[in-house]
Amino acid sequence: MATMKDVAQRAGVGVGTVSRVINHVPGVKESTLIKVNQAIKELNYIPDEYARGLKTKSSRTIALILPSVWHPFFSEFAYYVEKRLDKEDYKLLLCNSNDNPTEEAKYIKMLKQNKIDAIIAITYSDIEQYIYSNIPFVSLDRYFDKKVSYVTSDNYEGGKLAARKLLEHGARSLAYVGSYSKYPNGTMLRRDGFRDYLENIGIDYKEIFLQEPVNDFTPYILEMLKVHPKIDGIFCHTDLLLLKLRKILNQYGYRVPEDIQLIGFDGMNLSSDLPLGISTIAQPVEQLANGAVDLVLRKIADPSLKNEAKMYPVRYVDGNTTK
């Protein structure tokens, strides 16, 4: 296996110069960069990342904590985070918390001990006590009291857009169905936008708004439709919830979209070139991922930076759950 000394000999430079090239230290001549990189390629030299990290006090690794890799939105977000980090010469460490605050806390403690450069997290749990001020931390949708920047979609406008689109598609008796965490996060604004839009134009609506976790929405949906049988349009808090509601409605004889129209929120895709096909308020996943990486890299470069927040617009995607 080739060593740094072998690379230096092949390139005709000192070991220190090879180290500067590998660690991206500025000031190396272009001709020297070419010679060293050519020698690295010819010898198939692989730098000792652990030793490099000890020397530079950087592992060039960023952790991403997700509630679940099974959720298509989270998986797509992770894909774009990793793609962007690769361009910046960073590695991604993926942590799947299973939506368990205890697991999230374990990951954060482990990451602190192993000198991860920063953390990007999607979490709706009570983990503020585990967020260390000396680790750059960026969140998606979640607000924290401590020094944490976050990226978010315009959830409030998304709720308003869902209400408007249901009305434009002919629904007249509307409802909102969703759940909420007891910890503040931007997803709750979806309901607020939906409510405010309808109240501003004098339209009443019904809702199911339950504290998480909710194991089964079936009894709540059936009760709402029993008491309010004219409901013909529902805004669902997420695309995943829309899929669950569509299954429940079909099981009990309701046709979607003929009897009840549904609009979700997220814009989940089955693959990079295959959308889910439902009507939804789509988040700009790639922009959110790039924004999170931008924020975390700025925090790595300057830990003294104040909190930053980036908000991105959403859009309506027409699908097979509206007329």
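**Helix packing and burial in the predicted model**

In helix α7 (residues 155-168), a run of residues is buried, namely Asn155, Gly158, Gly159, Leu161, Ala162, Ala163, Lys165, Leu166 and Leu167. Here, buried means under 20% relative accessible area, exposed over 50%, and partly exposed in between (1.4 Å probe, protein chains only). Helices (H or I, at least four residues) and strands (E, at least two) are DSSP runs, numbered from the N terminus. This is a predicted model, in which local features need pLDDT of at least 70, side-chain atom pairs count only at pLDDT 80 or more, and totals for chains, interfaces and linings use all residues. Residues are numbered from 1 along each chain as its sequence is written, and side-chain values use heavy atoms, with hydrogens and water left out.

The length of α7 fits expectation: at 1.5 Å a residue, its 14 residues should span 20 Å, and its end C-alpha atoms are 20 Å apart, which agrees. The expected span is 1.5 Å times one less than the number of residues. After α7 comes Gly170, which has a positive phi, near 100°.

Ile221 is buried, with a relative accessible area of 1%. Leaving aside residues up to four places away in sequence, Ile221 touches Val177, Ile208, Leu245, Ile248 and Leu249, a contact being heavy atoms within 4.5 Å. Between the C-alpha atoms of Ile221 and Glu207, 14 residues apart along the chain, the separation is 9.6 Å.

From α1, Met4, Lys5, Val7 and Ala8 meet Val15, Val18, Ser19 and Ile22 of α2.

Turning to the whole chain, there are 11 helices and 14 strands. The C-alpha atoms fill a box of roughly 80 × 40 × 35 Å, taken along the principal axes. Of the 323 residues, 48% count as buried. Among contacts with a separation of 6 or more, 69% join residues 24 or more positions apart.
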